[in-house]
Amino acid sequence: MAGNAIDQTRRMLSLVTYLRERPGARVTDVARAFGITEDELIGDLDVLPMCGTSFRGGDLLDIDTDGDRIWWHNPDASGSSTGEPLRLAADEATALLVAARAVATLPGLRESDRQALVRATAKIEAAAGEAAGASSRLSVTFESEGGVFADVDRAIAERRRVWIKYYSPARDELTEREVDPVRLFAVGHTYMEAWCRLSEARRTFRLDRVAEIRLLDEPSDPPPVELRDLSEGLVQPAAEDPEVVIEVGPCGRWVAEYYPHDSAEELPDGGLRITLRTPDPASLRRLALRLGGDGRIVSPAALADSARDAAREALAAYGE
């Protein structure tokens, strides 16, 4: 099997060297050499053209395949020239300096990290020369999630427990709890994985739903937990989870991009019939309300009826 995202990254780095030395290599031979299926190899080859020494077209790897052989049209893109010192273009220097200055203002950032960032920013300014001028006219302001991130990051580094006031959309309420942070990660949104002292279980908290946060003096002491592999996404339905069928119109096709699903069949009107699995089918009522006229739950029937009832109640509330 191909393994997780880290394994794939290591494999693709090796592929670059392997393919440069073997122009016109056969797909079957390369897949066999790396111990992967041909489909997995083609997946790697679809990603490689988005890699290079910069985002500019001439610096990206020009690799393609006809299904039988693999052709690399600009092997010099990763040849000896990559050993030359990299120089920042004006837009790259601007983006990097604006981001660095913004991060340096985050509340809760460790002072040693802030000083290191300030020193690195000064070196970038000196190296960029005139290209750094535009960055002084731009600024970025982080919303509340940035401060929460900094506090959680500090709590993890200092092994401290935190108190949070957290909004739960499923219950539409704010709860107060103490948690022992385990790690921060991003899958679409930024999350904190932590041991929750209220529920005495591992929980995942979305940072933009943390209304308040406070670092406590009490040391963090989460029980040993096995970290989940999130390379396939935050939600990974199991085969035994209940099946739900949703039909969406053309404006609801985004559902197939955001929700892991078993199948997505094309409908005559340009929409999709999506089959997915979830351990909590009732949570999809909110999705049905969000879709409005752009989608509906087909099955199970009880969930479809529940979604219709929720929609009627919402409309009645607007009428009042």
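Trainee: What is the mean pLDDT of the protein?

Mentor: This is a predicted model, and its mean pLDDT is 78, with 77% of the residues at 70 or more.

Trainee: Which elements have the lowest and the highest mean pLDDT?

Mentor: Helix H4 (residues 90–104) has the lowest, at 75, and strand E7 (residues 210–219) has the highest, at 92. Keep in mind that where pLDDT is low, the predicted coordinates should not be read in detail.

Trainee: Okay, charges. How many salt bridges does the structure hold?

Mentor: There are 22. One of them pairs arginine 154 with glutamate 158, with an N to O distance of 3.2 Å.

Trainee: Where do arginine 154 and glutamate 158 lie?

Mentor: Both are in helix H6 (residues 144–158), and they sit 4 residues apart, about one turn of the helix.

Trainee: And why does arginine 154 count as partly exposed?

Mentor: Because its relative accessibility is 30%, which falls between the 20% limit for buried and the 50% limit for exposed. Glutamate 158 is partly exposed too, at 34%.

Trainee: What about arginine 161 and aspartate 180, how far apart are they in that salt bridge?

Mentor: Their side chains meet at 2.7 Å, N to O. That pair links distant parts of the chain: arginine 161 belongs to strand E3 (residues 160–168) and aspartate 180 to strand E4 (residues 173–187), 19 residues apart.

Trainee: Buried or exposed, those two?

Mentor: Arginine 161 and aspartate 180 are both buried.

Trainee: Which residues are linked with them in a network of salt bridges?

Mentor: Glu178, Arg197 and Glu218 are in the network along with Arg161 and Asp180.

Trainee: Let me jump to glutamate 266. Which side chain does it meet in a salt bridge?

Mentor: Arginine 253, at 3.0 Å from N to O.

Trainee: Now glutamate 40. Where is it found, and what is the nearest side chain of opposite charge?

Mentor: Glutamate 40 is in helix H3 (residues 38–47). It is buried yet has no salt bridge, and the nearest side chain of opposite charge is arginine 11, 5.9 Å away.

Trainee: So what does the side chain of glutamate 40 reach?

Mentor: The backbone nitrogen of threonine 37, at 3.0 Å.

Trainee: On to the backbone. Which residues does a cis peptide bond join?

Mentor: Serine 299 and proline 300, with omega about 0 degrees. Proline 300 is in the loop between strand E11 (295–299) and helix H9 (301–319).

Trainee: And what is phi of arginine 159 near?

Mentor: Phi is near 55 degrees there, a positive value in a residue other than glycine. Most residues other than glycine have a negative phi, and most peptide bonds are trans. Arginine 159 lies in the loop between H6 and E3, and counts as exposed because its relative accessibility is 64%.

Trainee: What about phi of glutamate 200?

Mentor: Glutamate 200 has a positive phi of about 55 degrees, although it is not a glycine. It lies in the loop between strand E5 (189–196) and strand E6 (201–206), and counts as partly exposed at 45% relative accessibility.

Technical notes: Residues numbered from 1 in each chain as written. Predicted model: local features only at pLDDT ≥ 70, side-chain atom pairs only at ≥ 80, totals over all residues. Heavy atoms only, no water. Salt bridge = Lys/Arg side-chain N within 4 Å of Asp/Glu carboxyl O. Helix = DSSP H or I, 4+ residues; strand = E, 2+ residues; numbered from the N terminus. Buried < 20%, exposed > 50% of the residue type's maximum accessible area, 1.4 Å probe, protein only. pLDDT = per-residue confidence, 0-100. Lys, Arg positive; Asp, Glu negative; His and termini not counted. Polar contact = N/O pair within 3.5 Å; in protein donor to acceptor, adjacent residues only side chain to side chain.
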